Amino acid sequence: QTLRHLVFAMDKWFTAPILGERFHPIGLPNTGSLEFAWPDLDYELKPTVAEVLAVRADRVARFRDHLATVAATDLARPVDVLENGPHPVQECIHTVFEEEFWHNRYALRDLTLLEATA
């Protein structure tokens with residue numbers, strides 16, 4: 001579920017507003033945003049871990065490639081983020097990094113707890 005959420009976060013803050021592309025159906029919003037009318041999402045999907053990892057790898061590669069080529073002058077450009085309104089590209093990129101940081105911390109915390117009880 002965490003990986004599906006990271007796909008969603010990448011689509012919400014990068015793929016859709018910056019690249020102008022669609023959300024991947026595999027994405028999963030946080031519980032506070034489930035009622036929003038997200039385009040293309042399919043909550044009924046039951047993807048395998050391999051399927052989620054493949055979509056995530058694609059999204060991460062595209063984000064990395066964009067960061068390697070984005071012009072500094074583009075960072076202040078406003079884009080519309082669904083549910084959140086207009087934000088500069090720089091804030092969108094920052095939000096993707098923030099999502100990655102916090103979910104990595106949650107995963108490490110949870111793995112530590114699982115290892116302690118094993």
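Buried residues account for 33% of the 118 residues in this protein chain, and the model you are looking at is a predicted one. The chain holds 3 helices and 2 strands, and from the N terminus on these elements follow the order α-α-β-β-α. With a radius of gyration of 15 Å, close to the 13 Å that the globule rule gives for 118 residues, the protein chain is as compact as a globular protein of that length. Here is a friendly tour, topic by topic.

**Overall dimensions and contacts**

- The C-alpha trace spans about 50 × 30 × 25 Å along its principal axes.
- Of the contacts between residues at least 6 apart in sequence, 58% join residues at least 24 apart.

**How α1 meets α3**

- Two packed helices are described by the angle between their axes and the distance between the axes.
- Helix α1 covers residues 2-15 and helix α3 covers residues 89-117; they pack at an angle of about 170°, and their axes are 9 Å apart.
- Angles over 145 degrees count as roughly antiparallel, and α1 and α3 are therefore roughly antiparallel to each other.
- On the α1 side, the contact is made by Thr2, His5, Leu6, Ala9, Met10, Trp13 and Phe14.
- On the α3 side, the contact is made by Cys92, Thr95, Val96, Glu99, Glu100 and His103.
- Sorted by class, this contact of α1 with α3 has 7 nonpolar, 4 polar and 2 charged residues.

**The largest nonpolar core**

- In soluble globular proteins, nonpolar side chains tend to be buried together.
- In this model the largest nonpolar core has 11 residues in all: Met10, Trp13, Phe14, Ile18, Phe63, Val79, Val81, Val89, Cys92, Ile93 and Val96.
- Two or more residues of this core come from each of α1, β1 (78-81) and α3.
- Helix α3 gives the most to the core, with 4 residues.

**Phe97, next along α3**

- Phe97 is found in helix α3, and with a relative accessible area of 45% Phe97 is partly exposed.
- Leaving aside neighbours within four places in sequence, Phe97 is in contact with Phe63 and Leu67.
- Phe97 and Met10 are 87 residues apart along the chain, while their C-alpha atoms are separated by 9.4 Å.

**Arg56 in α2**

- Arg56 is found in helix α2 and, at 14% relative accessibility, counts as buried.
- Beyond neighbours within four places in sequence, Arg56 is in contact with Leu3, Leu6, Val7 and Glu100.
- Among these partners, Leu6 and Glu100 can be met again in the contact between α1 and α3.

**The loop between α1 and α2**

- Pro29 is found in this loop, and its relative accessibility of 6% makes Pro29 count as buried.
- Not counting residues up to four places away in sequence, Pro29 touches His5, Phe8, Leu34, Trp38, Leu41 and Tyr43.
- Pro29 and Ala72 are 43 residues apart in sequence, and 30 Å apart in space from C-alpha to C-alpha.
- Asp40 lies in the loop between α1 and α2 (49-69) as well, and is partly exposed with a relative accessible area of 27%.

**Positive phi values**

- Most residues other than glycine have a negative phi.
- Asp40, a residue other than glycine, has a positive phi near 75°.
- Glu83, also a residue other than glycine, has a positive phi near 80°.
- Glu83 has its place in the loop between β1 and β2 (85-88), where at 36% relative accessibility Glu83 counts as partly exposed.

**Ala116 in α3**

- Ala116 is found in helix α3, and is exposed with a relative accessible area of 64%.
- Ala116 and Leu19 are 97 residues apart in sequence and 42 Å apart in space, C-alpha to C-alpha.

Definitions and conventions. Residues are numbered from 1 along each chain as its sequence is written. This is a predicted model: local features need pLDDT of at least 70, side-chain atom pairs count only at pLDDT 80 or more; totals for chains, interfaces and linings use all residues. Side-chain values use heavy atoms; hydrogens and water are left out. Axes are lines fitted to C-alpha atoms, for helices over the stretch in contact, and angles run from 0 to 180 degrees between N-to-C directions. Angles under 35 degrees count as roughly parallel, over 145 as roughly antiparallel, 65 to 115 as roughly perpendicular and the rest as oblique. Contact means heavy atoms within 4.5 Å. Ala, Val, Leu, Ile, Met, Phe, Trp, Tyr, Cys and Pro count as nonpolar, Asp, Glu, Lys and Arg as charged, and the others, Gly among them, as polar. A nonpolar core is a set of buried Ala, Val, Leu, Ile, Met, Phe, Trp, Tyr and Cys residues joined through side-chain atoms within 4.5 Å. Buried means under 20% relative accessible area, exposed over 50%, partly exposed in between (1.4 Å probe, protein chains only). The radius of gyration is taken over C-alpha atoms; the globule rule is 2.2 Å times the number of residues to the power 0.38.
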